Amino acid sequence: MPSFAERASRTGQFLWSGWSGLAGLSVFAAIWQVAHEAYGSFILPSPLETLAAAQALLGDATAWQLLATTASRALSGFALAGVIGTAAGCFAGFHPAILRLVQPQITLMLGVPPIAWIVLLMIWFGTGAATVTTTAAVACLPIVFLGAAEGIASRDRLLDDMALSLGMGPFRRFIRITMPQMLNRLFPILVMALGTAFKAAVMAELLANAGGIGEALAVSRSNLDVANALAWILLSVSALLAVEYGLIQPTRSELEAWRRAARPWGVKR
Amino acid sequence: MSALHLTGIGHAFLGRTVLDRVTLSIGEGELVALVGPSGCGKSTLLHIAAGLVEPRQGHIIRSYTRHAVVFQEPRLLPWATARKNIGMAITANCSGRDRQAHIVAAAMAAALEEEDLDKYPVQLSGGMKQRTAIARALASEADFLFFDEPFTALDPALRRHMQDIVIRHVGGGKRAGLFITHDMAEAVRIAHRIVVLDRRGNGVLGERSVPLAPGERDDRMIFETVQHFMKKDPLFRHVEELDERRAG
């Protein structure tokens, strides 16, 4: 068990690394400002105007509700894909023949444009939460599946033999030897899948007129209110960042404390 | 009464025979060194004896209760500390304190310091990793240990140190063991008996007992015995032959 001091120092480092993130965002804001000064407020409102618009939105309770609606749809789609994709991926990873049979279907699924999925799902489920959630799930299912399957297939078989020689049964071997290796592969992919789920959810909402951030964006577009549209984009990106840095990264650093040990002194991410 | 008895073991990979009619018996508290040229099937025989590979033919009779294997590579879990790596071998349901005491005792037996136990494998040197692997095998309370060329990657001084650990804890009544090695000096230093495998895996060519008990032999005696075996004894003629095509 890592000691309290170790954990505190890790949390401190994590928070401190926020400065470098902030510096990167400032550079982005500076370029944005230059573009704003070149094209004017109608085409591209300045970062400060956008922030003001976002602040105004956040003062409004309905805006919070829209954010929560989109976030819950994206997250449930992500969770659905995460559970199904990981379970199926693990199964396929252990059986190369199945993986080979499923691979073309994954390529097929990745090849179908998300727009086509939305059209199909709107016909099947109507224009509601189910369509949005399913679109998000369908968008991230293939990558989660492939990540889990590759994580299992590329496991270190020497460690398996070692565990077998100590007399571990198949269940304990899976939990203690194979799963940590699989998660190691899967985590970066889950981060990517989460982003994909948010993007797919907003897009589905916009096209299906299903409420949430997507519909708010559609309204801003019809009003030609660029500042409001940018504010919504800013808010949805913030919601994604909040989930990633509040939930996924801490879990990851908890599971991968050993990687930190491998890094030489003074080298930080 | 033998601890491990192999009769007529045969095995083939993709139709190519690697082992045929190998019979070998290891007594209780006896440490047997298995030597043979590179690629003659020593490792395969060990994997079969340890139950990691199913043999095509033959029978295995194990009269010990539990075994553990020290592999050529340490095979530690990279995400677990040395303490947890050693602890994973303990299957008995014992309290947390007993378990810790057990881990520390095994680590001490393998000459690991307690402060190293909270390090991850990446923070340990090659020798310490291999000692952790030995500590894991000792912690399992196995009464039979398999060694698959475990010290090949270590430098000579470290290797001697590790051999001393093996001499101290295997053989001498407590545990029996099978030790695979390329190094004749290593075999003469640690084993009660040296068994030579045929270079094509066609059974055991023969065996020689080494005088005195392991640990009582001095360097001069070891050197002279190795010289005698290699120069005068026809049994060892092919041991140092290299045939890389069959290696693996």
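1. In this predicted model, chain A and chain B bury about 1,800 Å² between them, 70% of it on carbon and sulfur atoms. Buried area is the accessible area (1.4 Å probe) that two parts lose on being put together, summed over both. A:Ser165, A:Leu166 and A:Trp258 supply 35% of the area that chain A buries against chain B, more than any other three residues.

2. The contact (heavy atoms within 4.5 Å) takes 18 residues from chain A and 22 residues from chain B. By class, the chain A side has 13 nonpolar, two polar and three charged residues. Here Ala, Val, Leu, Ile, Met, Phe, Trp, Tyr, Cys and Pro count as nonpolar, Asp, Glu, Lys and Arg as charged, and the others, Gly among them, as polar.

3. Across this interface the rule finds zero salt bridges, a salt bridge being a side-chain nitrogen of Lys or Arg within 4 Å of a carboxyl oxygen of Asp or Glu.

4. Which elements give two or more residues to the side of chain A that touches chain B? They are helix H8 (157-165), helix H9 (170-208) and helix H12 (257-262) of chain A. H8(A) gives the largest share, six residues. Helices (H or I, at least four residues) and strands (E, at least two) are DSSP runs, numbered from the N terminus.

5. On numbering and limits: residues count from 1 along each chain as its sequence is written, and chains are lettered from A and ligands numbered from 1 in the order in which they are written. Local features need pLDDT of at least 70, side-chain atom pairs count only at pLDDT 80 or more, totals for chains, interfaces and linings use all residues, and side-chain values use heavy atoms, with hydrogens and water left out.
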